[in-house]
Every structure is written in structure tokens, then in C-alpha cells.
Amino acid sequence: ETMYLVNAALLALMKPGVMLLVVFTGTAGILMAPGNLPPLLKLVTVLCIAMGSGAGGAINMWYDRDIDALMKRTATRPVPAGRIAPGDALMFGIILAIASVLLLGLAVSWGAAWLLAFSIWFYAGVYTMILKRSTPQNIVIGGAAGAFPPVIGWLAVTPDVTWEPILYFLIIFFWTPPHFWALALYRSQDYRRSGVPMLPVTAGVESTKKHILGYSVVLAFAALLPALTGAAHQVYFAASATLSAIFLRYVWRVYTSDEPKEAMRLFAFSINYLFLLFSALVLDKLLTPIIN
């Protein structure tokens, strides 16, 4: 039972919900890239992306243990709840980070490995240790860390970075602010209590709603770019347009309502939106040759 509790705590340290999304978009990057990567190396790449994501999560939880203890949403995390010692969380994160980068570099691609290393450093170092507590634009700049996985997946297959993986990066980059600001609207008291300068705390609810609306319109355009540039075709275009229309409907409800639950509904749908959008990219690539 003790071993089970320790394993469960270590899994929680790696933020499995975040990891799932990171692994999914990274896998899409692998599948969208031109060229053939042996199945075993694809699995190694996915594993390394998962390990790198977990490493960032563990270091983030080590550093944020003081503010996590003050927030209802995060107080039960392993470090503030006392299930994992802070030093153990840090060591676990560092070991995972080093192992993921070395394995990816030695087995698959050093280009992909260095970008993985940069994304871990950017999330755990730049976002967690600098931006999160110092600026309301923390999630805008820091969100870039979560946008790298499809590019890492692409680089694992081919060293040639075209504009295509950059489009995937931009989709996640513009998705991140409305996704997290929706949560911040719903949990604004948590952030106020912990002193984290999230936008609803520093600029107010109405300003946050305007920012969510603005970024969501840009996101809807960015989501169409793969189809508009010829990187994807009819299947993706139809899916992207439909999903973005639904996303904007949720955003409009947040913008026009004072009901906090609308923000949480947007947050929940935004996760499905990204999963479905990247699923549509892969499906489009598989179906287009059949349709044509």
C-alpha cells in the first residue's frame, strides 16, 4: 500500500492531465511530419515527450509549493499535502528531465532533444520561477512552453522545420491564454489569495473577458491556417471551422454573462477543442488521399 501511495504521488507530480495533452499534440507532430520513423523510435519519442512534460510538472510543483498550499485547486498536490518531500520532488524532476533529453538525443534526434530541453527549461525556469509571480502576461509568454511538443515530434522525424510545424505551434500558443484565463476567472479568489498576478486579479473581470475574446478570435484564424496554406485539406477545414465556431460561442457566453460557471464551461471545452483539432489534422492526412 505504501508503494502504491508513493507511485500515485509521483504520477500526480508529473501533472498527468497536462502530460496527456502534451503527448497527444507531440504525437500529432510525429504523424504529420514527412518521412518515416520506425515504430519503436516513434514510441521512444512519445515516451521522452511524456517524461519531459512530467519533469517540468515536478519542478513546477517543487517551486510552487508555497502558493499551491494557499489555493483550493492545488492544496492537495503531493508536495503541499506532505505526500512527497520538496527535495525529492525536485530530484525526481531533474532526473526525468536529464533522462528524457539524453534518451531522445541518443535514440532519435538531437534536434528534437535540444528543443525538449529548451521547453522544460522554459516552463520550469522562465515561466514557473520568473513570469508566473511577476507579470499578468505570465501565461501568454510562458504558454510557449506547451506549444513546442508538435515541433519536437516533427523534429524527431525530420530535421527540416518548415512553416507547417510553426502553424501547429501558433495554434497552441494562441489557445493557451483563453484556456487558462477562463480557469483564472473561475478561480480568481485562489489567485488573489496566493498573490499570483493573473489577469482577473490585476486587470479585473471585464478586461480579462475582452482579452479572452481577442485571443480567441486570433486562435480561430490560426486554427484555419493549416487549411488555408495547403498543409491540410477539406476534412480539417470543416472540423476546424466547426470547432472554432463552438469555441467562440462558449467565449461569447463568458463575455456576456456574469455567471462564473460559464468560464468553467469554456475551460472544459477548450481542452476538448485542442484534442479534436489535432485529431482532425491527423484524420485529414489519412483521409485526403482516399477522398481525392
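In what order do the elements of the chain run from the N terminus on? They run α-α-α-α-α-α-α-α-α-α-α-α-α-α, and the secondary structure comes to 14 helices and zero strands. Helices (H or I, at least four residues) and strands (E, at least two) are DSSP runs, numbered from the N terminus.

## About the model

This is a predicted model, in which local features need pLDDT of at least 70 and side-chain atom pairs count only at pLDDT 80 or more, while totals for chains, interfaces and linings use all residues. Residues are numbered from 1 along each chain as its sequence is written, and side-chain values use heavy atoms, with hydrogens and water left out.

## Overall shape and surface

Let us start with the whole chain. A compact globule of 292 residues would have a radius of gyration near 19 Å, and the chain agrees, with 19 Å. That radius is taken over C-alpha atoms, and the globule rule is 2.2 Å times the number of residues to the power 0.38. Along the principal axes, the C-alpha atoms fill a box of roughly 55 × 50 × 35 Å.

Of the 292 residues, 51% count as buried; here buried means under 20% relative accessible area, exposed over 50%, and partly exposed in between (1.4 Å probe, protein chains only). The accessible surface comes to about 13,000 Å², and carbon and sulfur atoms hold 69% of that area. These areas come from the Shrake-Rupley method with a 1.4 Å probe, and for residues only the protein chains shown count as cover. Among contacts (heavy atoms within 4.5 Å) between residues at least 6 apart in sequence, 73% join residues at least 24 apart.

## Charges and a shared network

The chain has 19 positive and 13 negative side chains, with the centres of the two sets 4 Å apart. Lys and Arg count as positive, Asp and Glu as negative, and His and the chain ends are not counted. The place of a charge is NZ of Lys, CZ of Arg, CG of Asp or CD of Glu. There are eight salt bridges, each a side-chain nitrogen of Lys or Arg within 4 Å of a carboxyl oxygen of Asp or Glu.

One of them pairs Asp64 with Lys132 at 2.7 Å, N to O. Asp64 lies in the loop between α3 (39-63) and α4 (65-68) and Lys132 in the loop between α6 (110-131) and α7 (138-142), so this pair ties together parts that are 68 residues apart in sequence. Both Asp64 and Lys132 are buried, Asp64 with a relative accessible area of 0%. Asp64 also forms a salt bridge with Arg133 (3.0 Å, N to O), again linking the α3–α4 loop to the α6–α7 loop, here across 69 residues. Arg133 is partly exposed, at 32%.

## A bridge within one helix

Arg193 and Asp190 form a salt bridge, their closest N and O atoms being 2.7 Å apart. The two residues sit three apart in helix α10 (residues 188-194), about one helical turn. Arg193 is partly exposed, with 47% relative accessibility, whereas Asp190 is buried at 4%. Elsewhere, salt bridges that share partners join Asp64, Asp66, Lys132 and Arg133 into one network.

## A look at Ser216

Where is Ser216 found? Ser216 belongs to helix α12 (residues 205-228) and is buried, with a relative accessible area of 1%. Leaving aside neighbours within four places in sequence, Ser216 is in contact with Pro178, Phe247, Leu248 and Val251. Ser109, by comparison, is 107 residues from Ser216 in sequence and 34 Å away in space, C-alpha to C-alpha.
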